[in-house]
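Thanks for coming. I have one structure to go through, and I'll keep to a few local features.

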Amino acid sequence: MANDSFEIETSENPLAAVRRAHQASLELSQTLSSERSQALRLMAQALSDRASDILEANTLDLEASRDMAVPELLLDWLKLTPERVQGAINILHCLSELPDPIRRVINAPFQVEQAQTYCQLMPLGAIALIYEAFPELAAIAAGMCLKTGNSLVLKGSTEASHSNIAIANVLQEALADSQLPDHCLELLPSDTGTSVRELVSQDRYLSLIIPHGRESLVQPIVEKATVPVLRSAIGNCYLYWSPSGSLDLVRSMIWDSHQSEPDPVNAIEKVLIHPEQKPSSLLSLWNGLQDKGFQIRGDETLVGEFPDLELAEPDEWRQAYLTKTIAFKRVDSLDDGMRWINQHSSGHADCLVTESYQESCQFSLGVKSASVYINISPRFSRLPKPNHTVYLGMSNRSGYYRGFINLEALTRIKHVIQGHN
């Protein structure tokens, strides 16, 4: 495929794309559900028809990234396969068949005399996705935004530049054949002069920023943005292993949580254990995990008891490994475990293994995380159940929105008070 097919129209002022997306969002909010669903089907078909072109573009990115010694983690996130492309296609088809979330009427929290009072879900406006690798995320985010009547501005990382342009071209060509307004999907190529700092300060035109990637990408955006940020989180999920909890269940939950590829959003990376846990159970768990390619680390107490363990440094307890690495720590009680989780976990998905109903209630109330998993794997899936729902990621933000980033997360509530006269 010639390099010409990777070209995309840019402006002398790249932020003009943000203004175009904002204007398009005003028109998009008035479109019919059938028009938006048809656009998603066109996008899915275009991805299917041009999958080989997209994979070829991705090969260029992979070759360049290897030459630049890009970390293996980013290469895993960057690498597209036919299955990953097909996964994005399946999500677009699923979104096209879901009920329209826009203008759905819900009960109002108050009533006004001599008036009909209700609420409606409405689009947010123009949304920007700033993402690290994960080329197919552009198609998934575009589908979710267009389904909810929002326009989308994409800002990908340099490592995925060819892939991002190829996917954006395919999606924009499909949208040109739809009834949706022009410029409802815009890409800011990584080689343009638009910095992330400039983008996240466009609060006149953007309604929301969604950063997706490592904490080194997400946290600076949160600190600098004047636009509301729906931060996503990956990794550093904790599990508390109660003395009554099953060893086999702990082992299976850890293993299964790491099977979500390419981004193990809810991967268990830290395990808190009670002093009553038998050394033989710990050794059995560690040996089983090591056989599956995991690296095991421990706190000072455990390293003192098991000298072969690698010591986990103090700052590791707050950081995501994003690899098959698990750190274990002794805590004296469930209360101590919950305090540690609330201080050190990413705050989006934490787990408990127990046979005690009292402990499960205590954990679900006491842990501040967006979601808690009790005796079940926290494994993340963007499309957990066909024709049911789609998730972009997990948010650990306190305030605007917390938990699974679904279609409703991309809407706002409008209060309508209509007099009877």
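With which side chain does the side chain of Glu132 make a polar contact? The partner is the side chain of Arg214, at 2.6 Å. Before going further: this is a predicted model, so every value I quote is computed from predicted coordinates.

On confidence, the protein chain has a mean pLDDT of 91, and 95% of its residues reach 70 or more. The stretch to set aside is residues 1–12, where pLDDT stays under 50. The model does have 25 contacts beyond four places in sequence for residues 1–12. Still, where pLDDT is low, the predicted coordinates should not be read in detail.

Back to Glu132. This residue sits in the loop between strand E3, 126–131, and helix H6, 137–147. Is Glu132 buried or exposed? Glu132 is buried, because its relative accessible area is 9%, and the cut-off for buried is under 20%. Leaving out residues up to four places away in sequence, Glu132 touches Leu74, Trp77, Ser157, His212, Gly213, Arg214 and Leu217.

11 of the 11 residues of H6 are buried, so H6 is largely enclosed by the rest of the structure. The buried residues include Lys147, at the end of the helix, as well as Gly143, Met144 and Cys145. After H6 comes Gly149, with a positive phi near 75 degrees.

How does H6 pack against helix H7, residues 161–176? The angle is about 30 degrees, and the axes are 10 Å apart. That makes H6 roughly parallel to H7, because angles under 35 degrees count as such. From H6, the residues in this contact are Ala138, Ala139, Ala142 and Leu146; from H7, they are Ile167, Leu171 and Leu175. By class, that is seven nonpolar, no polar and no charged.

What does its side chain reach at 3.4 Å? The backbone oxygen of Arg103. Beyond four places in sequence, Gln120 touches Arg103, Arg104 and Val105, and also Arg412, Ile413, Lys414 and Val416.

Technical notes. Residues numbered from 1 in each chain as written. Predicted model: local features only at pLDDT ≥ 70, side-chain atom pairs only at ≥ 80, totals over all residues. Heavy atoms only, no water. Helix = DSSP H or I, 4+ residues; strand = E, 2+ residues; numbered from the N terminus. Buried < 20%, exposed > 50% of the residue type's maximum accessible area, 1.4 Å probe, protein only. Polar contact = N/O pair within 3.5 Å; in protein donor to acceptor, adjacent residues only side chain to side chain. Contact = heavy atoms within 4.5 Å. Axes fitted to C-alpha atoms, helices over the stretch in contact; angles between N-to-C directions. Parallel < 35°, antiparallel > 145°, perpendicular 65-115°, else oblique. Nonpolar A, V, L, I, M, F, W, Y, C, P; charged D, E, K, R; others polar. pLDDT = per-residue confidence, 0-100.
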